[in-house]
Amino acid sequence: PMDTDGMHQVLMNLLGNSLDAIKPGSPGLIKVGCRFDPVTHDCVIEVTDTGSGIEASMMRHLFELFHSTK
């Protein structure tokens, strides 16, 4: 079973991060997609944006809890 509250929180965090990544006044785009992989039987959710991305120096901190650049 899926943790619906946890999934909601993850999606809200990703969308908030996407909004922060897009510069104010720029024509930003955030896309959310969902697809089912029939081979692995996984549901894949993707959030993409047209923000500048993560600086290379910050990539090593990507999965550290409570690490922020704000």
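In these legends, a residue is called buried under 20% relative accessible area, exposed over 50%, and partly exposed in between, with a 1.4 Å probe and protein chains only. The structure is a predicted model, in which local features need pLDDT of at least 70 and side-chain atom pairs count only at pLDDT 80 or more, while totals for chains, interfaces and linings use all residues. Residues are numbered from 1 along each chain as its sequence is written, and side-chain values use heavy atoms, with hydrogens and water left out.

**View 1. His41 in the loop between strand 1 and strand 2.** Strand 1 covers residues 30–37. Helices (H or I, at least four residues) and strands (E, at least two) are DSSP runs, numbered from the N terminus. His41 has a relative accessible area of 58%, so the residue counts as exposed. Its phi is near 60°, a positive value in a residue other than glycine.

**View 2. Phe66 in the segment after strand 2.** Phi is positive here too, near 65° for Phe66, which is a residue other than glycine. Phe66 is exposed because its relative accessibility is 82%.

**View 3. The largest pocket and its lining.** A pocket is found on a 1 Å grid over the protein atoms alone: it is an open set of points where a 1.4 Å probe fits, with protein on both sides within 12 Å along at least five of seven lines, and lining residues have an atom within 4 Å of a point. The space in the largest pocket is about 1100 Å³, where grid points are joined across faces, edges and corners and the volume is the space filled by probe spheres set on the points. Its lining has 23 residues, and those nearest the centre are Asn17, Ser18, Ile54, Leu62 and Thr69. Two or more lining residues come from each of helix 1 and strand 2. Helix 1 gives the largest share, seven residues.

**View 4. Ser18 in helix 1.** The helix runs over residues 4–21. Ser18 has 3% relative accessibility and is therefore buried. With neighbours within four places in sequence left aside, Ser18 is in contact (heavy atoms within 4.5 Å) with Ile30, Val47 and Asp49. Ser18 is also among the residues nearest the centre of the largest pocket.

**View 5. Ile54 and a nonpolar surface patch.** Ile54 lies in the segment after strand 2, a strand of residues 42–49. Its relative accessible area is 49%, so Ile54 counts as partly exposed. Together with Met59, Leu62 and Phe63, Ile54 makes a patch of about 460 Å². Patches are made of residues with over 30% relative accessible area and no salt bridge, with like charges joined within 9 Å and nonpolar side chains (Val, Leu, Ile, Met, Phe, Trp, Tyr) within 5 Å. A salt bridge is a side-chain nitrogen of Lys or Arg within 4 Å of a carboxyl oxygen of Asp or Glu. Accessible areas come from the Shrake-Rupley method with a 1.4 Å probe, and for residues only the protein chains shown count as cover. Beyond its neighbours within four places in sequence, Ile54 is in contact with Met59 and Leu62.
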